[in-house]
Amino acid sequence: MQDTLTKKIFDVDEVRKDFPILNREVDGKPLVYLDNAATSQKPESVINAISDYYSNYNANIHRGVYSISIKASEAYENAKIKVKEFINAESEREIVFTRGTTEAVNLIAYSYGLENVNEGDEVIISEMEHHANIVPWQVLREKKKAVLKVIPVNDNGELIIDEFKKLLSDKTKIVAVCQISNTLGTINPVKEIVRLAKEKNKNIAVIVDGAQAIHHTKVDVRDIGADFYVFSSHKMYGPMGIGVLYGRAELLEAIPPYQTGGDMISTVSFKGTTYNDIPMKFEAGTPNVEGAVGLTAAISYINNTGFEAIHKQETELLEYATEQLDLIKGLRIIGTAKEKTGVISFVVEGLNALDIGIMLDTSGVAVRTGQHCTEPLMDRFGIPGTVRVSFAFYNTKEEIDIFVNALKKAIEILR
Ligand code: PLP
């Protein structure tokens, strides 16, 4: 499918019309949705694509000889081509559909990790990782008696790259880091991290968790140079329940399947089984065709909006909201990196983040509170949790005004 540039001039009021949920009210107040890092809202084109699939060509794929199954199979395969082009992978064979980022990291840990990491070997992650990029490596550590090392974060919420250099050793087998922190908004220098790891030893596998990056910035996996790159559809305006594991073909070919069953096999007999080619080798069972169709539509939507417009709008929102929040007495922003995307975490002296979140909801403002699946990062900053607002290009300055006024009111009442 060829995307056409339908929105030459970015007009946020026009863009908002594409997202039906943004019109709704919460207790008589307009919904102000500022929890985009948790999940994004979906444009009508994505909702319609999924509805069209179920209304017109729902069928199981890869097995049917009849026309709607063939159409569904084509849609599924086209989704891989779409993703391949979107992230500039070399081949659609390098695109594995998973349930999301979490399953993709688990797949790498169980498949690549169990195969390549042995007693005493080292895995490096960072202090700002989401639990999805911590716990699978802890499981691997237990299973293989490996060592888990952690790149520290400075007071601004930036990775300390000099410390990373020191952590790299002859024992390092895997480096797994996020491109953008879901809690701090920090943009990490992943290309440099890959370069440093590969300079140490070209066989170190580098995994980039792109869950918070894929919809904010143009991702070119070959330019980044990582061996694996993972992300979730639902954070990039697509449906839930589907995500992507990109892996260099040569690595995917070398590692064993993570789950087994139908579709991932080539031949089965009671003597033994041979596996399908990549990427099918990693996709046991009926896949999420609906998800693939929705993800295709989401990528088209992003392409047609354009990363330049997305970046401009989100940067303006970040700067505007930061200025407003900095004026509130007793409020401290956690995460003040030089390179930052549209996420602001903050604490208010003497107040509980959860209480603030509940109060904001009474004004129709949806934010996230708590640890954001980054408990070790909260420990690093010595705080129990934060309030987090996260922006998408469909948010407006007027919404930030509503949020800031509601926050001031909440602080006044709670104090
Ligand atoms: N990694 C990061 C940086 C995230 O922000 C998230 C979700 O918030 C995940 C991983 C897990 O993504 P999912 O729950 O879609 O598997």
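Colleague: Which domains does the domain assignment give for the protein?

Modeller: This is a predicted model, in which local features need pLDDT of at least 70 and side-chain atom pairs count only at pLDDT 80 or more, while totals for chains, interfaces and linings use all residues. Residues are numbered from 1 along each chain as its sequence is written, and side-chain values use heavy atoms, with hydrogens and water left out. The bounds come from an automatic or database domain assignment, and this assignment gives domain 1 (12–42 + 306–414) and domain 2 (48–303).

Colleague: How much area do domain 1 and domain 2 bury between them?

Modeller: The C-alpha centres of the two domains lie 28 Å apart, and 38 residues of domain 1 are in contact (heavy atoms within 4.5 Å) with 35 residues of domain 2. Buried area is the accessible area (1.4 Å probe) that two parts lose on being put together, summed over both. Of the area between these domains, 55% is on carbon and sulfur atoms, and the total is about 3000 Å².

Colleague: Which three residues supply more of the area that domain 1 buries against domain 2 than any other three?

Modeller: Their share is 21% of the area that domain 1 buries against domain 2. The residues are Phe-307, Leu-377 and Arg-380.

Colleague: Which residue forms a salt bridge with Arg-380?

Modeller: A salt bridge here is a side-chain nitrogen of Lys or Arg within 4 Å of a carboxyl oxygen of Asp or Glu, and the count between domain 1 and domain 2 is one. In the salt bridge of Arg-380 the closest N and O atoms are 2.7 Å apart, and the partner is Asp-155.

Colleague: Which element gives the largest share of the side of domain 1 that touches domain 2?

Modeller: Helices (H or I, at least four residues) and strands (E, at least two) are DSSP runs, numbered from the N terminus. The elements that give two or more residues to this side of domain 1 are α11 (307–326), β14 (343–348) and α13 (375–381). The largest share is six residues, and these come from α13.

Colleague: Where is Pro-279 found?

Modeller: A cis peptide bond, with omega about 0°, joins Ile-278 and Pro-279. The place of Pro-279 is the loop between β12 (273–275) and α10 (289–305).

Colleague: Which loop holds Asn-88?

Modeller: Phi of Asn-88 is near 60°, a positive value in a residue other than glycine. Asn-88 lies in the loop between α3 (67–87) and β4 (95–98).
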